[in-house]
Each structure stands twice: as structure tokens, then as C-alpha cells.
Amino acid sequence: MASLGELERSVMDQLWSTAEAATANELRDRLAQSVVQSKDLAVTTVLTVLSRLEKKGLVERERGTRPHRYRAISTREDHTARLMHEALGTAPDREAVLARFIGSVSEAEAATLRKLLARG
Amino acid sequence: MLVASYLLALLAILLAWPVPVALSRAHWTSRSPFAAMVLWQSIALAGGLSMIGAMLVYGLQPLGDNLLQAIASAASLVVENRSSEHLQFWHLFALCAAALLGTHLVFTLGLTYARITGQRRRHRELLEVLSLPSGAIERTLVINHPAPVAYCLPGGSRSVTVLSDGLVEALSPGELAAVVEHERAHLTQRHHLLLWAFEAWRQALPWLPTSRLSREAVSSLVEMLADDVARRTAPDDVLVRAIALVAVGSAASGPGAAEPTLGSPRAPETPRTPGTPDEGEASLAARLSRLLTPQPQLTPAQMTAVLAASGLMLAVPTALLLAPGIVT
């Protein structure tokens, strides 16, 4: 059985691969076809994963229909860009949240470093 | 007690302004970041202690010959709801200020902690979905992004190092190992706790030179400490190359430049204002220069002197608080 984190990733991969909304049942079937470890996946597990993803702000539920249909909120690239922006952000308390290998670099510094790299 | 309160106030002023200014200009700090880190911690602790202590001792001085006795009689005044003809307006004012400052510091520490851990949790939640575990390096996640990015996200047993595709492509295996070693050092040496405490200190008293200078110094020193750990396994020139490649790459794909390659114009980006003087810049130059032209470490005697100074800095305000009335 795959871990919850891996399942979240697989479910998002499915939702991102098609732009359309899908029910938990449809997602279960698609996962069973594509992901080896999820042959005997229960629909309730998929629903658990979906509600976790909803809390994280990655999927939204279409309220009107029964059963509920879920769709991805914005693309994987958007989320990655936002996450990286957060990681590279220059807010003063950023460094306390996560430790970056390199902080922000000025253009002048980058030019000096390019020379250094070309030399060595 | 009155003399002690004046001495504490003098010490508080020294530790709030001239001492941190002098230390932030000192050059030896890059030769022994550990000693410098210890010194900054005692400056902050002793500074806070003497600030609060000066007001406390001044306010309590009419009530007794030493601090413990004065606190005891102050407590009995409060408990028995008596008034005291000894306590004048300025004494009460100092006591209130001491209580306010103490509470303010503790609250800011707690609030900063809550905000930092909340942001980390949210970041980790998204990472779970957006990144893949690196096959080759344990406790490391790889995220699909062209800019060369490496950072670590502290969180006890769930601490992880995050690398971007762009970084893995741009660096040789040796350089990559140096970067990972550097990030691991941040986690094993618990640098996030230092950064948290000094960030809270800065946010609590942003107008004080010491809190801003110490915050800048600490974030630069933790990088040097992590570099020193990476140097144990990687040659200096490999680490320098890794730093240079990542710095050049992140400047090239920095504000504005990263967006077109990503094809995500909808991301709510607030571009950084280019050219703003940033503490990261000074720190990067200092980091590179100590790797390029290595300076000898502090001698054992110098090291002892720095550590003794740190100890003394804490001992003096403690003695001033407790000694009057007991010694004599």
C-alpha cells in the first residue's frame, strides 16, 4: 500500500493530466490502471486523500453535483513557482523559516562570480 | 541597589549600541564563526538581562537592600493590598516598564515561533505533493524547477533538504555533495533555533542597533559554520565553485527572469526590487573571501579570551542583580 504522501502525489498527477473534474470513483479506477501499488485501493481512501488535498488548497470540490467532482486548482507549474517564490522570497523572516544555500545575489556580484568561474 | 541599577543601565546602553557596532565591524569573526556566535548570544542575553534588570532594580530599590528581599516585600505589599510611602511615581514607572518589556520579549518569541512553524508546515504540505524523494541522497527532495535552488526545511524528524532539478543539472556530483553537506550542517547544528531567537529579538526591538546587527551577523555566521562542515568532506575549490554556480544561476533566473521559462504568468509574483541592499550580499562576499583566501583560525589563547569575554558579559549583570546587599 502506498503512503498517504505518495497517494496525494498520484491523485494530483491524475487531476493535472486531465483538466477536467473527476469523482473519487473515477480517480480510483484511473489510479488502479496506472499506479501499480493501488490495485486494491478503497474509494474511502481516495476521499480521504482528496479532503487532505482540499485542505492544502490543491483541489476544489464542485458543490452542485452528487457524487462530488474534484478538480485541480491551477497547474503544477503554478504551484511549484509559488513554492519556489516562497523559498526564494526576501522577506526578513524567510531565513528563519528555511535555510537557503545562497541568499539573494546582486547583478554586480553575479558578474564577479561569472569571471571567477570562467577563470577556474 | 541604586548604584547597581545605574551600572546595569550603563551596561544595557553599551550592549545595545557600541559593543554590537564594534563586533559587527570586526574581521576576526570569519576566522572563528563559532566564537563569534557565542559572543553574539551573550551580547543579546546580557543586553536583555541588563535592560530589564536596571529598571527592576531601580524600581524595587526603596523596598530592600537586595533584590530578593525587595521582591519579597513588594510581594507582601501586593498580597496584603497595602500602600507604600517609599514607592514614588518613577519607581512604579520603572517596575511597569520592566514588566512590559519582559512580557513583550516572551510574547514576540512565542509569536515568531508560531508564525515560522506555521509557514514551514504549509511549505512542507505542498512539498509532499510537488516534489519527489531523491533516489540517490536520503532525506532529500527534488523539485521540478529550472533555477538552481537548495534549501533545508527544519522540522525535527521530518527535516528535509530540498534541491531543484536545475541545481542537480548545473552541479557536478562533488559540488552537489558539498551543497547537501552544507544544508545538513544547518539541520544538525540546529541553526534554525538561533535564527528564530535572533529574528524574534529583532522583531521585538527593531529600533535597537544591537537587534538588527546581531540578526545580520547570525545569519552570516551560520552560513560560515555550515561551509566549514562542508569543507571537511569537499575541497575548498569545489565548494567555491558550487557557491558561484548557484549564485550566478539564481541571479540569471532571479526576479522576472524565472517567469517566462516557467510559462506561468498567472503566478502571483511580487518581483523583488532589484538592487536593494540586502544582508545576503555582504554575507555572500564574506563567505567567498574566507574560502578563497583562507585565514588562520583564532589561536587557542584568542579563543579562550573571546569565550571568557562572553562568560564575563553574562556574569556581570547577574552579579549586579544579585550581589548588592548580600556581599556587603
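## Where the two chains meet

In this predicted model, 41 residues of chain A and 51 residues of chain B make up the contact between them; two residues are in contact if their C-beta atoms, placed from the backbone, lie within 7 Å. On the side of chain A that touches chain B, the elements giving two or more residues are α1 (4–17), α4 (76–88), α5 (94–97), β4 (99–100) and α6 (107–119) of chain A. Helices (H or I, at least four residues) and strands (E, at least two) are DSSP runs, numbered from the N terminus. With 13 residues, α4(A) gives the most to this side.

What kinds of residue does chain A bring to the side that touches chain B? They divide into 18 nonpolar, 9 polar and 14 charged. Here Ala, Val, Leu, Ile, Met, Phe, Trp, Tyr, Cys and Pro count as nonpolar, Asp, Glu, Lys and Arg as charged, and the others, Gly among them, as polar.

Strands take part as well: β4(A) is joined by 2 bridges to β3 (residues 150–153) of chain B, and the two run antiparallel. Strands pair if DSSP finds at least two bridges between them.

## Chain A on its own

Chain A holds 6 helices and 4 strands, and from the N terminus on its elements run α-β-α-α-β-β-α-α-β-α. The radius of gyration of chain A is 20 Å, well over the 14 Å that the globule rule gives for 120 residues, so the chain is more spread out than a compact globule. That radius is taken over C-alpha atoms, and the globule rule is 2.2 Å times the number of residues to the power 0.38. Along its principal axes, the C-alpha trace of chain A spans about 60 × 30 × 25 Å.

Of the 120 residues of chain A, 36% count as buried, meaning that 20 or more other C-beta atoms, placed from the backbone, lie within 10 Å of the residue's own.

## The sheet in chain A

Three strands of chain A form an open sheet in the order β1-β3-β2, with antiparallel pairing. β1 (22–23) and β2 (59–62) of chain A stand at the edges with a single partner strand each, so one side of each is left without a neighbour in the sheet.

β2(A) is joined to β3 (residues 69–72) of chain A by 4 bridges, and A:Glu62 has A:Arg69 in β3(A) as its bridge partner. Helix α3 (residues 43–55) of chain A packs on the sheet, touching β2 and β3 of chain A, and its direction makes about 110 degrees with that of β2(A). Axes are lines fitted to C-alpha atoms, for helices over the stretch in contact, and angles run from 0 to 180 degrees between N-to-C directions.

## Chain B and its two domains

Chain B has 13 helices and 4 strands, and 40% of its 328 residues are buried. It is divided into domain 1 (1–87 + 298–328) and domain 2 (130–257 + 280–297), with bounds from an automatic or database domain assignment. The centres of domain 1 and domain 2 of chain B, taken over C-alpha atoms, are separated by 34 Å.

The contact between these domains takes 19 residues from domain 1 of chain B and 17 residues from domain 2 of chain B. On the domain 1 side, α3(B) gives the most, with 8 residues. The residues of that side divide into 13 nonpolar, 5 polar and 1 charged.

## Reading the numbers

Residues are numbered from 1 along each chain as its sequence is written, while chains are lettered from A and ligands numbered from 1 in the order in which they are written. Because this is a predicted model, local features need pLDDT of at least 70 and side-chain atom pairs count only at pLDDT 80 or more, whereas totals for chains, interfaces and linings use all residues.

Conventions
A residue is buried if 20 or more other C-beta atoms lie within 10 Å of its own, exposed if 12 or fewer, and partly exposed in between; C-beta atoms are placed from the backbone.
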